[in-house]
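Please keep the sequence and the model in view while reading the numbered points.

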Amino acid sequence: TTRQFQPPRGPVQQSNGQLRRLWEEVNQPGHGKSLLVFGLGEDSAYLADQLNAFGFTVFLEDNDAWTTKILSKYPHLNAHVVKYHTKFRHEDDKYVDKATWKQLEMELPSAVRDR
């Protein structure tokens, strides 16, 4: 059986509709799911502990100071500092073309890559 959606109690960056859709995907019957999240925030504990409670959740963040701050509040989160080579807010239309996708490749930490 599928677990019922439990909306977050604290601040989140996604709408309840977006979170409900993600909940439905990761809580389908079967084994726990792996969830890769680009960015770390105040909602990260909800994503790892509630939304994907029976799966594996890992966060990639490019801001070392922010990672330290969030992990001081939620030290159990699995987070890695990475280097992004693009900024979507300035270039998002560029990546509609599949020919540009190679530019989005990045080196993942081995704990993520080898999972």
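1. Basis of the note. The model is predicted, so local features need pLDDT of at least 70 and side-chain atom pairs count only at pLDDT 80 or more, while totals for chains, interfaces and linings use all residues. Residues are numbered from 1 along each chain as its sequence is written, and side-chain values use heavy atoms, with hydrogens and water left out.

2. Overall layout. The protein chain has five helices and three strands; helices (H or I, at least four residues) and strands (E, at least two) are DSSP runs, numbered from the N terminus. Along the sequence, the pattern reads α-β-α-β-α-β-α-α. Taken along the principal axes, the C-alpha atoms fill a box of roughly 40 × 35 × 30 Å.

3. Burial and surface. Of the 115 residues in the protein chain, 30% are buried. Here buried means under 20% relative accessible area, exposed over 50%, and partly exposed in between (1.4 Å probe, protein chains only). The chain exposes about 8000 Å², and carbon and sulfur atoms supply 51% of that area; the areas come from the Shrake-Rupley method with a 1.4 Å probe, and for residues only the protein chains shown count as cover. Among contacts (heavy atoms within 4.5 Å) between residues at least 6 apart in sequence, 43% join residues at least 24 apart.

4. The parallel strands. Strand S1 and strand S2 (residues 56-61) pair in the parallel sense over five bridges, where pairing requires that DSSP finds at least two bridges between two strands. Val-37 has Phe-59 as its bridge partner in S2. The chain passes from S1 through H2 to S2, and this β-α-β crossover is right-handed: with the strands pointing away from the viewer, the path from the first strand over the helix to the second runs clockwise. The side chains of S1 alternate.

5. Helix H2. How many of the eight residues of H2 are buried? Six are, so the helix is largely enclosed by the rest of the structure. The buried residues are Ser-44, Ala-45, Tyr-46, Leu-47, Ala-48 and Leu-51, and their cover includes H1, S1 and S2. Leaving aside its neighbours within four places in sequence, Leu-51 is in contact with residues including Arg-3, Leu-19, Trp-23 and Leu-35.

6. The nonpolar core. A nonpolar core is a set of buried Ala, Val, Leu, Ile, Met, Phe, Trp, Tyr and Cys residues joined through side-chain atoms within 4.5 Å. The largest one has 17 residues, of which Leu-19, Leu-40, Tyr-46, Leu-47, Leu-51, Phe-59 and Leu-77 touch the most other members. H1, S1 and helix H2 (44-51) each supply at least two residues of this core, and H2 gives the most, with five residues.

7. Aromatic pairs. Rings of Phe, Tyr and Trp (its six-membered ring) pair if their centres lie within 6.5 Å; planes under 30 degrees apart count as stacked, over 60 as edge-to-face and the rest as tilted. By this rule there are two aromatic pairs. The rings of Phe-5 and Trp-23 have centres 5.6 Å apart and planes at 90°, so this pair is edge-to-face. Phe-5 lies in the segment before helix H1 (16-26) and Trp-23 in helix H1, so the pair ties together parts that are 18 residues apart in sequence. Phe-5 is buried at a relative accessible area of 15%, and Trp-23 is buried at 1%. The rings of Phe-38 and Tyr-84 have centres 6.4 Å apart and planes at 40°, so that pair is tilted. Phe-38 lies in strand S1 (residues 34-38) and Tyr-84 in the loop between strand S3 (79-81) and helix H4 (88-91), so this pair ties together parts that are 46 residues apart in sequence. Tyr-84 is partly exposed, with a relative accessible area of 23%.

8. Two single residues. Lys-69 is placed in helix H3 (residues 64-73) and is partly exposed, with a relative accessible area of 44%. Trp-101 is found in the loop between H4 and helix H5 (110-113), and at 42% relative accessibility Trp-101 counts as partly exposed. Leaving aside its neighbours within four places in sequence, Trp-101 is in contact with Tyr-95 and Val-96.
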